[in-house]
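Colleague: I am new to this one. Please show me how to read its features, step by step.

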Amino acid sequence: MENLNEVQEEPVSPMGQYFNSSALCIYIIGVLEFEVPIDDLQTFTLIKDVFLPINPRFSSIMVQDKDGAKRWKQVEVNLKDHVQFPKFPKGKTVESYDKFFHDYLSSMAMEQLPQSRPLWEIHVISYPSKDASGSIIFKLHHALGDGYSLVGALLSCLQRSDDPSLPLSFPSLRPSKPQASTKSFWRRFSWMFSSAINTASDFGWSVLKSSIMSDDKTPIRSGDEGTEFRPISISSMDFSIDHIKNIKSRLGVTINDVITGMVFYGTRLYMEDMDLKSKTADSTALVLLNTRNIEGYQTINDMLHSKAKGPWGNKISFLHVPIPKLNQNRMSNPIDFIWDSHNIIKRKKQSLAVALTGTLLDMESKFRGQEAVAKHLRGTVMNSSAVISSLVGPTQQMSLANHAVKGLYFTLAGGPESLAISVMSYVGVLRITLKTEKDFIDEEKLKACIQSAFQMILKATTANS
């Protein structure tokens, strides 16, 4: 075995340092739901032989040298420190175990991981819930990598259920684009002019939202200091991707437009129900973006290659997206929320604000240091009403050691927002997960509003076709 003292210590990326600082401590929580009981799963063997070898960071801690630079230092891993097998009361109903599971999930997501050992945990839940015969929870510090990296790592441990020799495949994300040669000079000039205007507007607004401008306090934003230390609740809901594709085709928009419009409409319905005035409050969603120019997931070996198109790490940025306000016209025609989302996203695509934001953070880090940038990012989240992130899952069912995976979802924990919305697709199902500030947001009512919004949009789309 290689001597750990001789291993080259890899520097921690700037984004990794922001996510593990005195101002921010962010975790990615992933849940695998199984069709069959997992009592016989050889957990320790799988972690030792499959999970740990994926990346040296899973057996490393973050250390700081005398110059203040942070690096990943490999250490011996005691698996018993990282793997939990919670015990629930015996002889209970599935409904009781479902509540035990969700209470446990919400509680463990809030707990800080010790900095003295590698920044991950795995929790094996061998009890049934409404959605699964057993579940495995992965808790991974965001400093280890972003959702793309960590889901890619997770997928490398799994195989296709129908044929393990075949690779997993993923839905295409990019709409077809017209050839540049078909555009006239004036169209290209118009696009460049619009891009310049949108970039200036979006970047200026983003800087203001990250510093002095904050959203209104509403039923989805408490705006209180210390929100990240308050109890949370995590739950999810399913939607048919076929139904979403049906709406997309009838309206001639993208799947992202449909999902965004549905979530925004449902959120506004909830806000109106809780406080009538908040339906027109100034509210912004902070959308986290993968900045890699690639579709699907690369193999772990490819991710770790120095010239990878989809490299391992935290390759993310963020975009401020205003949540459309709820007026009488939009109440009577919910499809307007889809069109609003379509127009907002289309305009944002004609902007270089995301790239400029990344450049600004790099400059701030160089002149003011990592902690200052972490505080800047925390302020950005604090001033917004919700954080939205999304990942694409495979179109085929997966298995872990011949245990079929029924469902897959993720969320973020540790941030100062009252509401985080995570979206993930898997085998024809879109899973929307809500992480809410407990005793402030009525989680069940918010879920009901988003589900109602989807049904109203689906009905209106069918009626108008």
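**Reading the model**

Modeller: Helices are DSSP runs of H or I with at least four residues, strands are runs of E with at least two, and both are numbered from the N terminus. This is a predicted model, where local features need pLDDT of at least 70 and side-chain atom pairs count only at pLDDT 80 or more, while totals for chains, interfaces and linings use all residues. Residues are numbered from 1 along each chain as its sequence is written, and side-chain values use heavy atoms, with hydrogens and water left out.

Colleague: Is Val50 buried, partly exposed or exposed?

Modeller: Buried means under 20% relative accessible area, exposed means over 50%, and partly exposed lies in between (1.4 Å probe, protein chains only). Val50 has a relative accessible area of 30%, so it is partly exposed.

Colleague: What does Val50 touch, beyond residues up to four places away in sequence?

Modeller: Contact means heavy atoms within 4.5 Å. By that rule, and with residues up to four places away not counted, Val50 touches Thr45 and Cys157. Also look at Ala153: it is 103 residues from Val50 along the chain, and their C-alpha atoms are separated by 9.9 Å.

Colleague: How many helices and strands does the chain have?

Modeller: There are 13 helices and 16 strands. Of the 465 residues in the chain, 53% are buried. Now take contacts between residues at least 6 apart in sequence: 77% of them join residues at least 24 apart.

Colleague: Where should I look for a nonpolar core?

Modeller: In soluble globular proteins, nonpolar side chains tend to be buried together. A nonpolar core is a set of buried Ala, Val, Leu, Ile, Met, Phe, Trp, Tyr and Cys residues joined through side-chain atoms within 4.5 Å. The largest one here has 73 residues, and Phe58, Leu105 and Trp120 touch the most other members. This core draws at least three residues from each of domain 1 (10-160) and domain 2 (195-391 + 418-464). Those bounds come from an automatic or database domain assignment. Another core, of 44 residues, lies apart from it, with Leu269, Ile338, Ile441 and Cys449 among its members.

Colleague: Which residues is Trp120 in contact with, leaving aside its neighbours within four places in sequence?

Modeller: The list includes Ile47, Phe51, Phe58, Val77, His82, Lys139 and Leu144.

Colleague: How do I read a pair of helices?

Modeller: Under 35 degrees counts as roughly parallel, over 145 as roughly antiparallel, 65 to 115 as roughly perpendicular and the rest as oblique. The axes of helix 6 (residues 241-251) and helix 7 (residues 255-274) come within 9 Å and cross at roughly 105°. Helix 6 and helix 7 are therefore roughly perpendicular. Helix 6 makes the contact with Ile244, Lys245, Ile247 and Lys248, and helix 7 with Ile255, Val258 and Ile259.

Colleague: Where is Ala453, and is it buried or exposed?

Modeller: Ala453 is in helix 13 (residues 443-464). Its relative accessible area is 0%, so Ala453 is buried. Leaving aside neighbours within four places in sequence, Ala453 is in contact with Met262, Tyr265, Gly266 and Leu269. Val263 is 190 residues away along the chain, yet its C-alpha atom is 7.7 Å from that of Ala453.

Colleague: What about the backbone angle phi?

Modeller: Most residues other than glycine have a negative phi. Asn402 is not a glycine, but its phi is positive, about 70°. Asn402 lies in the loop between strand 13 (398-400) and strand 14 (403-413). With 75% relative accessibility, Asn402 is exposed. Val427 also has a positive phi, near 50°. Val427 lies in the loop between strand 15 (419-426) and strand 16 (429-437). Val427 is partly exposed, at 37% relative accessible area.

Definitions and conventions
Axes fitted to C-alpha atoms, helices over the stretch in contact; angles between N-to-C directions.
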